[in-house]
Amino acid sequence: MASQAVPKDHVTVRTDPIPAGEAVVTLENLSLWYGDFQALHDVSLTVPKNQVTALIGASGCGKSTLLRCVNRMNDLVPSVRVEGQLSYEGVNLYDGAVDPVEVRRRVGMVFQKPNPFPKSVYENVAFGPRLHGYAGDMDALVEKSLKGAALWDEVQDKLKQSGLGLSGGQQQRLCIARAMATDPDVILMDEPTSALDPIATDRIEELIHEIKKDYTVIIVTHNMQQAGRVSDRTAFMHLGVLIEEGPTEQIFTNPQHEMTERYISGRFG
Amino acid sequence: MTQNAKTLARAAGLHKSGTRNVGERVIGIVLFLAASVSIVTTAAVILALSAETISFFADPAVSIVEFLTAREWTPLFPESQRYFGISPLVIGTLMVTFVALIVGLPLGLGSAIYLSEFANPQTRRSVMSVLEVLAGIPTVVLGYFALFFVTPILRDIVPGLNLFNPLSAGLVMGFMILPTISSISVDSMQAVPRALREAAYGLGASKHEVVAKVVVPAALSGIVASFILAMSRAIGETMIVTLAAGQKPTFTFDLRETIATMTSFIVQAAKGDQPAGSLASQSLYAVGATLFLMTFALNLVSQQIVQRFGERYE
């Protein structure tokens with residue numbers, strides 16, 4: 001039951017599609033190969049501005065791969081090949097003229113396991129702005145970013161201490177602050193709470209709620225309750241195919257496709 | 001343990017096995033002995049060095065002030081022309097080491113960064129094996145290489161270069177320490193977690209920014225360790241300097257002059273027949289002790305540096 005084949009000609013089931021005008025990121029027939037292995041099959045998805053879009057699905061379904069396409073993080077893997085279009089504000093990010101380094105300044109990322117640099121809290125947040133030659137008031141920017149990540153109150157006396165000295169949940173919020181400091185439009189989160197305890201998870205989820213007024217968030221999660229709690233829209237993937245996408249409430253209460261229904265009711269995956 | 005518990009344990013098959021316990025203990029003792037050999041050896045070396053060194057300084061013909069300040073070192077000469085100032089040897093050693101580090105550090109670190117961060121795995125493997133070959137060349141061969149190959153070329157370029165000189169010896173020694181620096185540095189850079197690199201890439205860092213701002217700082221303790229090890233090897237290196245730098249203790253900072261280093265003096269003194277217990281043979285120990293103190297101090301400094309500047313990741 002775990003890995004049910006997807007019909008070759010599967011057409012993604014869509015509910016309340018996003019009008020093109022509200023899109024920040026648009027994927028059109030995106031396919032990706034690792035060497036000979038095809039990890040994504042003709043995925044088309046529209047990500048609306050200032051909303052949280054969750055990618056769910058069983059392990060190996062390609063949701064992290066899809067996420068890493070959006071900031072071209074997959075470029076770091078040798079032997080990756082991408083076909084199709086991924087537009088960000090109308091520009092195809094996979095066009096030869098696009099510099100992935102610039103893309104990653106606009107599309108920030110938070111990883112599965114908190115990965116602060118072995119530097120001070122302050123230097124962690126200042127890392128991105130320093131890279132890009134930020135000329136403004138760095139202290140103010142660090143403070144603003146840490147406040148944005150709901151971490152300021154806990155670390156304002158520890159700015160000079162190592163980021164690794166913080167708790168796991170604080171480290172992850174530090175990574176969110178670090179991502180915010182480069183002032184991106186989109187923040188990608190790859191299972192950001194999978195290494196955290198329930199209380200720390202709760203705080204991150206609250207934070208996601210708050211930051212979506214300023215950022216567009218795409219989150220990969222294993223945890224379906226989490227997708228239900230934090231996201232506005234949900235996309236369900238299986239074996240590299242986008243099976244169904246739509247408003248989160250709809251996906252969870254009235255899934256249109258049989259596979260989605262089985263996954264969210266916990267019967268496979 | 002009560003009799004009852006023993007019986008119960010035996011009945012359940014959970015009782016202690018006599019042979020296994022003895023075996024465990026024997027293995028522990030054998031390994032302990034193996035580990036203590038190095039400690040005992042170190043202690044014995046220090047003891048032998050200090051005993052002879054103390055009797056050297058106890059001799060009325062020698063004074064510590066002269067040892068530290070005089071600019072001539074002629075312990076093998078007849079008594080009337082004998083001077084015990086170690087500075088020519090120390091300066092000789094430092095000059096050769098300096099040249100070796102000027103050559104070896106940038107090349108070693110540069111090749112390490114290339115191998116760890118830029119080369120594809122196949123290139124990395126083949127270059128690393130070439131480096132291992134370089135590391136395996138006996139230093140006596142490198143010494144001849146310096147004397148008969150490098151020096152003639154250098155003499156065409158550098159006017160006034162002596163046949164025996166620290167420049168050529170240091171240059172070749174730089175190649176000798178290169179594999180030490182690069183292999184240890186590569187290992188420490190490869191040990192930097194991928195998550196840290198990804199974090200930097202994710203913030204829009206380019207490849208060289210990731211290397212310079214994340215990988216090298218995180219690997220700094222290993223890199224510094226490789227520098228210090230290379231420096232210790234350069235200071236203690238004997239054959240290259242004996243063959244190519246000369247055996248004439250000269251108080252000079254000129255890289256073109258013939259000099260002697262601490263190690264090449266020891267070779268010179270040890271191959272001659274100085275009667276045991278004579279001042280000449282004791283002077284050899286005094287030089288050895290100085291050499292030992294220098295490398296020991298270097299190790300202490302390196303530990304400080306690593307503790308102070310090294311970034312710790314989990």
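Modeller: In this predicted model, 6 residues of domain 1 of chain B are in contact with 8 residues of domain 2 of chain B. Two residues count as in contact if their C-beta atoms, placed from the backbone, lie within 7 Å. Domain 1 of chain B covers 16–58 and domain 2 covers 81–309, with bounds that come from an automatic or database domain assignment. Their C-alpha centres lie 30 Å apart. On the domain 1 side, the touching residues are 2 nonpolar, 3 polar and 1 charged. Here Ala, Val, Leu, Ile, Met, Phe, Trp, Tyr, Cys and Pro are nonpolar, Asp, Glu, Lys and Arg are charged, and the others, Gly among them, are polar.

A word on reading the labels: residues are numbered from 1 along each chain as its sequence is written, while chains are lettered from A and ligands numbered from 1 in the order in which they are written. As this is a predicted model, local features need pLDDT of at least 70 and side-chain atom pairs count only at pLDDT 80 or more, whereas totals for chains, interfaces and linings use all residues.

Staying in chain B, look at helix α4 (residues 87–118) and helix α7 (residues 166–190): their axes come within 5 Å and cross at roughly 35°. Helices (H or I, at least four residues) and strands (E, at least two) are DSSP runs, numbered from the N terminus. An axis is a line fitted to C-alpha atoms, for helices over the stretch in contact, and angles run from 0 to 180 degrees between N-to-C directions. The crossing of α4(B) and α7(B) is right-handed, meaning that the near helix is turned clockwise from the far one, by less than a right angle. The contact of these helices holds 21 nonpolar, 10 polar and 1 charged residues.

Next, step across to the other chain. 17 residues of chain B are in contact with 22 residues of chain A. On the chain B side, α8 (194–202) and α9 (207–218) each supply at least two residues, and α8(B) gives the most, with 6. That side divides into 9 nonpolar, 3 polar and 5 charged residues.

Chain A has an open sheet of 4 strands in the order β3-β2-β5-β6, with antiparallel pairing. Two strands pair if DSSP finds at least two bridges between them. The edge strands, β3 (37–48) and β6 (91–92) of chain A, each pair on one side only. Strand β2 (residues 23–34) of chain A is joined to β3(A) by 8 bridges, and A:Val25 stands opposite A:Val47. β2(A) and β3(A) form a hairpin with 2 residues between them, and A:Gly35 in the turn has a positive phi of about 65°.

Finally, how confident is the predictor? Its confidence in each residue, from 0 to 100, is called pLDDT. The mean pLDDT is 91 for chain A and 90 for chain B. The model scores ipTM 0.91 and pTM 0.82.

Notes: pLDDT = per-residue confidence, 0-100.
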